Amino acid sequence: MTGHHAGPRSNADSGAGAGPAADAFDHALESLRAGEPILVHDAADREGETDLIYHADAVTPEAVARLRNDAGGLICVALGYEIAEAFDLPFYSDAVEHPATADHELGYDDRSSFSLTVNHRDTYTGITDDDRSTTIRELGAAAATPETVEFADEFRVPGHVHLLKGAPDLLSQREGHTELGLALADTADLAPAVVVCEMLDDETGDALSPADARTYADRHGFAYLEGSEILERCR
């Protein structure tokens with residue numbers, strides 16, 4: 001756990017009198033504000049994955065350990081488009097001149113949201129839980145006050161934290177975990193910087209099923225949302 005929360009709750013513990021979907025949505029917003037993780041499943045006809053999501057400024061070394069042990073996918077920080085533009089962060093496929101960046105055939109989207117990989121300059125190798133949490137929290141701080149940050153003075157490239165660049169119009173343009181997480185942060189009045197990490201199944205090696213992801217969320221008292229719930233409330 002991150003150390004920012006008051007204790008585990010189920011999705012039914014918040015918003016007394018409201019419907020289950022409203023309870024889960026409000027619980028997710030409250031969790032992000034409190035530094036707790038949430039789970040978001042995008043859609044069965046998209047990636048079909050559930051991501052473990054934190055707001056960036058809440059990510060401690062313990063949170064990184066949870067991301068790599070309980071989720072197991074790629075630990076990324078999604079930044080809002082305007083923030084990424086302020087820091088001159090490109091989409092990776094636009095920045096690299098190599099034949100392999102052309103003719104992407106993604107079965108679930110028109111383009112990848114990957115940008116650069118970074119380490120904060122106060123880290124050593126960049127890969128430890130301490131180092132990655134430092135980089136992630138500093139990205140969250142930078143996103144909160146971009147006008148005060150000279151990005152190249154604070155971060156170096158390449159690094160061990162993958163940056164994702166949100167679509168300019170968020171959910172009106174793209175419905176990936178990048179945009180779903182950023183839309184939730186915006187609705188929660190938080191800076192546009194969230195950590196997303198795919199949850200994998202240790203037995204099959206595939207994406208964790210929605211049923212198993214929901215069971216994990218219930219076991220730990222974390223909010224679980226379907227992408228459709230976020231689209232309904234945030235788009």
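The dialogue below sets values against definitions.

Tutor: This is a predicted model, in which local features need pLDDT of at least 70, side-chain atom pairs count only at pLDDT 80 or more, and totals for chains, interfaces and linings use all residues. Residues are numbered from 1 along each chain as its sequence is written, and side-chain values use heavy atoms, with hydrogens and water left out.

Student: Why does R46 count as buried?

Tutor: Buried means under 20% relative accessible area, exposed over 50%, and partly exposed in between (1.4 Å probe, protein chains only). R46 has 14% relative accessibility and therefore counts as buried.

Student: What makes E47 partly exposed?

Tutor: Its relative accessible area is 27%, so E47 is partly exposed.

Student: Why is the contact of R46 with E47 called a salt bridge?

Tutor: A salt bridge requires a side-chain nitrogen of Lys or Arg within 4 Å of a carboxyl oxygen of Asp or Glu. The closest N and O atoms of R46 and E47 are 3.7 Å apart, so the pair qualifies. R46 also meets D42 in a salt bridge, at 3.4 Å from N to O.

Student: What makes K165 and E85 a link between parts apart in sequence?

Tutor: Their closest N and O atoms are 2.6 Å apart, in a salt bridge. K165 lies in strand β5 (residues 155-165) and E85 in helix α3 (residues 81-86), so the pair ties together parts that are 80 residues apart in sequence. Helices (H or I, at least four residues) and strands (E, at least two) are DSSP runs, numbered from the N terminus.
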